[in-house]
Amino acid sequence: MPAALAAAAGDGAARGGYVLAEALDADPGAAAPDVVLVAAGGEVPAALDARRILQREGIATRVVSMPCAAWFRQQSRAYRDAVLPPGAPATVSVGAGAAVGRYQLLGEAGGSIDTGGTGENTVLASCGHGLFDHDGLTAERVAATARATLARAAGAARAGERGRL
């Protein structure tokens, strides 16, 4: 990892969260990526792989590393909005065990992957990259959740537009 990138990641980790991988080929006029994947620790590789899948499909996808949601919530509104843009149509929490707190950052257009069955907004899986596939936390499943969350957000936006007519 280049020194400048490592320094930025270190500063971002100290703030509780940071942009790990930016959306590519996003519409230059767009205020936000189409999808933001929020991950920490061992689930980051699945989020990065899902980003590759979604980017190939033309879905501008940002990956945010969120090692500590509590620290992140203590940052300025400007910093939080720069990392998790409020204009993003969909935000998905990809977590293992310690997802408590991250789901609160998702907003109305949020989604999560629940492999443990312990709660609607809880994301659980065994630690260790090799166990994620067994528990269902795969890049394909993350990408599918992102697509579904994006579709749900688009449907809600269309319903809101019909309600104003």
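**Labels and their cut-offs**

Tutor: Let us begin with R77, which is exposed, with a relative accessible area of 54%, in what is a predicted model.

Student: What makes R77 exposed?

Tutor: The label exposed requires a relative accessible area over 50%, and R77 has 54%, so R77 is called exposed.

Student: Why are R77 and D81 called a salt bridge?

Tutor: The cut-off is a side-chain nitrogen of Lys or Arg within 4 Å of a carboxyl oxygen of Asp or Glu, and the closest N and O atoms of R77 and D81 are 3.8 Å apart. The two residues sit four positions apart in helix α4 (residues 77-83), which means that about one helical turn separates them.

Student: Which parts does the salt bridge between E22 and R62 tie together?

Tutor: The closest N and O atoms of E22 and R62 are 2.9 Å apart. E22 belongs to the loop between β1 (18-21) and β2 (35-39), while R62 belongs to strand β3 (residues 61-65), so the pair ties together parts that are 40 residues apart in sequence.

Student: How do you know whether R62 is buried or exposed?

Tutor: Buried means under 20% relative accessible area, and R62 has 8%, so R62 is buried. E22, at 37% relative accessibility, counts as partly exposed.

Student: Why is I53 called buried?

Tutor: I53 has 15% relative accessibility and therefore counts as buried, the cut-off being under 20%.

Methods. Residues numbered from 1 in each chain as written. Predicted model: local features only at pLDDT ≥ 70, side-chain atom pairs only at ≥ 80, totals over all residues. Heavy atoms only, no water. Buried < 20%, exposed > 50% of the residue type's maximum accessible area, 1.4 Å probe, protein only.
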